[in-house]
2 protein chains.
Amino acid sequence: VTGLGQHFLIEYHGCNPEILDNLDLVKDIMISAAKYSGATILNTFLHKFSPQGVSGVVVIAESHLAIHTWPEYKYAAVDIFTCGTNVDPWVAFNIMKERLQSTEASTREISRGKIPYQEIKKTGQGFL
Amino acid sequence: VTGLGQHFLIEYHGCNPEILDNLDLVKDIMISAAKYSGATILNTFLHKFSPQGVSGVVVIAESHLAIHTWPEYKYAAVDIFTCGTNVDPWVAFNIMKERLQSTEASTREISRGKIPYQEIKKTGQGFL
C-alpha cells in the first residue's frame with residue numbers, strides 16, 4: 001500500500017445510451033458494483049437530468065463510487081475511491097463495463113494520501 | 001474545453017484534526033465550497049466514522065464534491081468533478097484549504113470524457 005486511499009478514474013465509452021439514461025438501471029448497476037466488490041453501502045443518491053443524463057453517488061464505508069452519464073455521447077465517467085483492502089475496485093470496474101455495455105473502457109489508478117513519515121511515526125500506526 | 005468534465009483530485013495535508021473529525025463543520029465547509037464556487041446543490045450526505053474520520057458527498061447539478069478525512073494524519077482527500085463552465089473548482093479549493101487550515105495543499109486536474117470526433121459529429125453539438 002502506497003497511500004491511504006486508491007482512486008480509480010474510469011472512462012466508459014461506447015455504452016448503451018438507453019441504459020445510461022435510465023435512473024433505475026444505473027442505480028441497480030452501481031449498487032451491484034459496490035456490493036460485489038466487497039463494499040458496505042451507507043447511502044445512495046441518484047438524479048435524472050433533463051433532457052438526458054444521470055448522476056449518482058454511492059457512499060460506502062470504504063469511501064465512494066460516483067457516476068455521471070452522457071447518453072448523447074454513449075459515455076459515462078465513473079470514479080471509485082477506496083481505502084483498506086476489503087474492496088476490489090477491479091470487480092466494480094468489470095461489472096459496470098459489462099452492464100453499461102461499454103465497448104471501450106479504461107481506468108487511471110491514482111494513489112491518494114501519501115502521508116509524510118514524521119506523521120506516521122507520531123500515530124504509532126505502521127500500516128503504510 | 002478538452003473534455004466533458006474536469007476532475008480535481010485534491011490532497012490537503014497539515015489540517016486541523018479537530019475540524020476534520022467534526023461532521024457539522026465538514027458539512028458546512030463542503031456546502032460553502034460548493035455554493036461559492038457557483039454550484040447548484042442537489043443533495044448532501046455525510047457520515048462520521050468511529051473512532052474518527054468523516055466521509056461526505058455533495059451532489060451538484062454540475063456533478064459532485066467528495067471528502068474523506070483522516071484526523072490522525074491531519075489529512076483530507078477531496079475530489080471535485082465539474083462539467084460546464086459555471087463552477088470554478090479553484091474557488092472551492094481555496095475555501096476548503098483555508099477552512100480545513102491545511103498547511104500543504106495540492107491538486108491534480110484531470111480532463112474526463114474526451115469524446116471521439118465521430119460521436120460529436122453525430123450529435124450535431126459542437127461545444128467540445
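This is a predicted model: local features need pLDDT of at least 70, side-chain atom pairs count only at pLDDT 80 or more; totals for chains, interfaces and linings use all residues.

Visitor: What makes E11(B) count as buried?

Guide: The term applies under 20% relative accessible area. E11(B) has a relative accessibility of 7%, and therefore counts as buried.

Visitor: Why is the link between the side chains of E11(B) and R108(B) called a polar contact?

Guide: A polar contact needs N or O atoms within 3.5 Å, one able to donate a hydrogen and the other to accept it. The side chains of E11(B) and R108(B) are joined at 3.1 Å, so the distance lies within the cut-off. The side chain of E11(B) also reaches the backbone nitrogen of G113(A), at 3.0 Å.

Visitor: How many residue pairs are in polar contact between chain A and chain B?

Guide: The count is 14 residue pairs, both residues being at pLDDT 80 or more. Several elements of chain A each supply at least two residues of the side that touches chain B, among them β1, β2 and α4. The element that gives the most is β5(A), with six residues. By class, this side of chain A has 23 nonpolar, 11 polar and nine charged residues.

Visitor: What area do chain A and chain B bury between them?

Guide: The accessible area lost when parts come together is often used to give the size of an interface. Chain A and chain B bury about 3500 Å² between them, and 66% of this is on carbon and sulfur atoms. Of the area that chain A buries against chain B, F45(A), Y73(A) and R112(A) supply 19%, more than any other three residues. In terms of contacts, 43 residues of chain A meet 43 residues of chain B.

Visitor: How do you know that the two copies are related as by a two-fold rotation axis?

Guide: Chain A is superposed on chain B by a rotation of 180 degrees with 0.0 Å of shift along the axis, and the RMSD is 0.0 Å. The two copies are thus related as by a two-fold rotation axis. In chain A, the C-alpha nearest that axis belongs to V57(A), 3.9 Å away. The same surface serves both copies, since 100% of the contact residues of chain A recur in chain B.

Visitor: How many helices and strands are there in chain A?

Guide: Chain A has four helices and six strands. From the N terminus on, their order is β-α-α-β-β-β-β-α-β-α. Of its 128 residues, 50% count as buried.

Visitor: What makes K74(A) count as partly exposed?

Guide: The term covers values between the 20% cut-off for buried and the 50% cut-off for exposed. K74(A) has a relative accessibility of 29%, and so counts as partly exposed. K74(A) is in the loop between β4 and β5 of chain A, and has a positive phi of about 55 degrees although it is not a glycine.

Visitor: Where does Q101(B) lie?

Guide: Q101(B) is in the loop between α3 and β6 of chain B. Q101(B) has a positive phi of about 60 degrees, although it is not a glycine. With a relative accessible area of 44%, Q101(B) is partly exposed.

Note on methods:
Residues are numbered from 1 along each chain as its sequence is written. Chains are lettered from A and ligands numbered from 1 in the order in which they are written. Side-chain values use heavy atoms; hydrogens and water are left out. Contact means heavy atoms within 4.5 Å. Buried area is the accessible area (1.4 Å probe) that two parts lose on being put together, summed over both. Ala, Val, Leu, Ile, Met, Phe, Trp, Tyr, Cys and Pro count as nonpolar, Asp, Glu, Lys and Arg as charged, and the others, Gly among them, as polar. Copies are superposed by least squares on the C-alpha atoms of residues with pLDDT of at least 70 in both. Buried means under 20% relative accessible area, exposed over 50%, partly exposed in between (1.4 Å probe, protein chains only).
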